[in-house]
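Dear colleague,

I am passing on the structure below, together with some notes on what I found in it. Please look through the model first and then read the notes beside it.

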Amino acid sequence: MADVFDGYVFGEAWDEMFAGPGDPRSAYRAVHGTLEHFDPDELRLRAEQVARAFTDRGVTFAFDGQERPFPLDLVPRVISAQEWDLIDRGVRQRVLALEAFLADVYGPAQVFADGIVPRSVVLTGSGFQRAAHGIEPANGVRVHVAGIDLVRDVDGRFRVLEDNVRVPSGVSYVLENRRIMTRTFPGLFAEQRVRPVDDYPARLLGALRAAAPAGVADPVVVVLTPGVANSAYFEHALLARLMGVQLVEGRDLFCVENRVLMRTTSGEEPVHVVYRRIDDEFIDPLHFRTDSVIGCPGLLNAARAGQVTIANAVGCGAADDKLIYTYIPELIRYYLGEEPVLENVESHRLEDPERLEWVLGHLDELVLKPVDGAGGKGIVIGPKADERVLHTLRAQVAADPRGWIAQRPVALSTSPTFTADRFAPRHIDLRPFAVNDGERVWVLPGGLTRVALREGALIVNSSQGGGSKDTWVLAPERGRAGTPAAGSDTLLGGPAEAEAAYAPADGQLSDAVAGRLAGPAGDEHRQQQQQQQ
């Protein structure tokens, strides 16, 4: 029988499964030992079963104008307990810094006064919404859900590639990938201590209910979708069903005296929390695009009046701007008084004329990204671009330096991926999802591993033809010293009864730093300090 790993080629990138030829890393030994005994025909059959199962459940996406089953590779991505502890701490730290930044930007604006971020950088960003200034969320949370994209560099270090706090998507694939993989390779789950992902809907619902306006004992939560034509509609419907809440379109909602009501077959019902899956510019035609027919007129006024909570908050796109991304390490130090747990990819701002001139002279060595781009659109990978593309890019960047950032290319780590008859390395990234309920930031143990299916491709987005892998986070070994305890869910079951909230390395924030945290976060810290004294 032919070995499906024969001819596996190693490049300069870090390989997730192998430390060297024929030498699987410890976290992957069980997976490798199982897969190497399959022949290509068996693997093709299982791949066809996966695709058929996704089609039957409607887990599809639009690519080249056609609806296709979302590609799920047969090889899971495995992350050890020690590695996940680092990711977990880094993601939680980043979400808290982004939360504090948004509270500051739409409130006292101290970050501008202290010279950490230029005011012009935020105000000229497409994600900043003046209409959201002064709106105070009920529990101080604006980023209820975050997706932080990570990559692993050639040295095996995780780095943050970008932040997604506007309308992060993809968690439905995490849930469906796990459902399918437990049926495709049931034996592997018996051998591995894989942490579960099925608690996500309950965690999300808990965070949304916690964000309800003050005085509402039993809040009504809805998921607001643009409709069936949206490429992520499957996710909207799945999350609504798993949370046990109504899936609504803009036409199902209306506002009266700053209260949001929902039309139902039994009459009008109040709505207290809107988990929106619609971009800012379409959510309320009174404040944004007047031609929007998928939003709800008056929704933002109701939020300002404290009668409804919008999750994620309108204006979170100010933190999605890739130029703001370059300031996040400084924002972590400023708001939290800590060093970043996860580093950024080396990036260059282009507002400085000398830096801009250098970048324009080295376009063939860099990756250029539009600061408001999404889904991999507009990215130019210099080393892979021809002179015609670089000439056009040079003119675009010179005309609008604020609209771009430059980054050093990162050789995204590779993972064995099933092709026609064997496994071959393909580049991957990781999007962990975090849920913030106002008391703690919980990170889903797994996240979405996206894979670039074309040989040599570096853009992993599904809109660019990418697929995904099930992400297995291994639980700490019982009784092993030095393993993280926080967030260690029962294997393939529910969460632990209590999970330690994120705290800085020394356990406390300084008074100066806490003072920058506007709203309940700062109040809670000050109360804790007084109790300790």
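**Strand S13 and its partners**

Strand S8 (residues 221–224) and S13 run parallel and are joined by four bridges, where two strands are said to pair if DSSP finds at least two bridges between them. Helices (H or I, at least four residues) and strands (E, at least two) are DSSP runs, numbered from the N terminus. Across this pairing, Val223 stands opposite Tyr275 in S13. S13 also pairs with strand S14 (residues 309–311), in the parallel sense and over three bridges, and here Tyr275 stands opposite Ala311 in S14.

Are the residues on the two faces of strand S13 (residues 273–276) buried or exposed? Val273 and Tyr275 on one side, and Val274 and Arg276 on the other, are all buried, and both faces are thus covered; buried means under 20% relative accessible area, exposed over 50%, and partly exposed in between (1.4 Å probe, protein chains only). In a regular strand the side chains alternate between the two faces of the sheet.

**How the model should be read**

This is a predicted model, in which local features need pLDDT of at least 70 and side-chain atom pairs count only at pLDDT 80 or more, while totals for chains, interfaces and linings use all residues. Residues are numbered from 1 along each chain as its sequence is written, and side-chain values use heavy atoms, with hydrogens and water left out.

The mean pLDDT of the chain (the predictor's confidence in each residue, from 0 to 100) is 88, and 87% of its residues reach 70 or more. Over residues 481–513, however, the pLDDT is below 50, and this stretch has 61 contacts in the model beyond near neighbours in sequence, a contact being heavy atoms within 4.5 Å. The pLDDT is also below 50 over residues 518–533, a stretch with 16 contacts beyond near neighbours in sequence.

The chain has 18 helices and 26 strands, and of its 533 residues 53% count as buried. Among contacts between residues at least 6 apart in sequence, 69% join residues at least 24 apart.

**An open sheet**

Three strands form an open sheet in the order S10-S11-S12, with antiparallel pairing. Its edge strands, each of which pairs on one side only, are strand S10 (253–256) and strand S12 (267–271). Strand S11 (residues 259–264) pairs with S12 in the antiparallel sense over five bridges, and the bridge partner of Arg263 in S12 is Glu268.

**Two helix contacts**

The axes of helix H3 (residues 81–105) and helix H14 (residues 328–336) come within 9 Å and cross at roughly 80 degrees; axes are lines fitted to C-alpha atoms, for helices over the stretch in contact, and angles run from 0 to 180 degrees between N-to-C directions. That makes H3 roughly perpendicular to H14, a label given to angles of 65 to 115 degrees. Among the residues that meet are Leu96 and Phe101 in H3 and Leu331 and Tyr335 in H14.

Helix H6 (residues 171–184) and helix H9 (residues 233–243) pack at an angle of about 70 degrees, with their axes 9 Å apart, which makes H6 roughly perpendicular to H9. Val171, Ser172, Leu175 and Glu176 of H6 make this contact with Phe234, Glu235, Leu238, Leu239 and Leu242 of H9.

How values were computed:
Angles under 35 degrees count as roughly parallel, over 145 as roughly antiparallel, 65 to 115 as roughly perpendicular and the rest as oblique.
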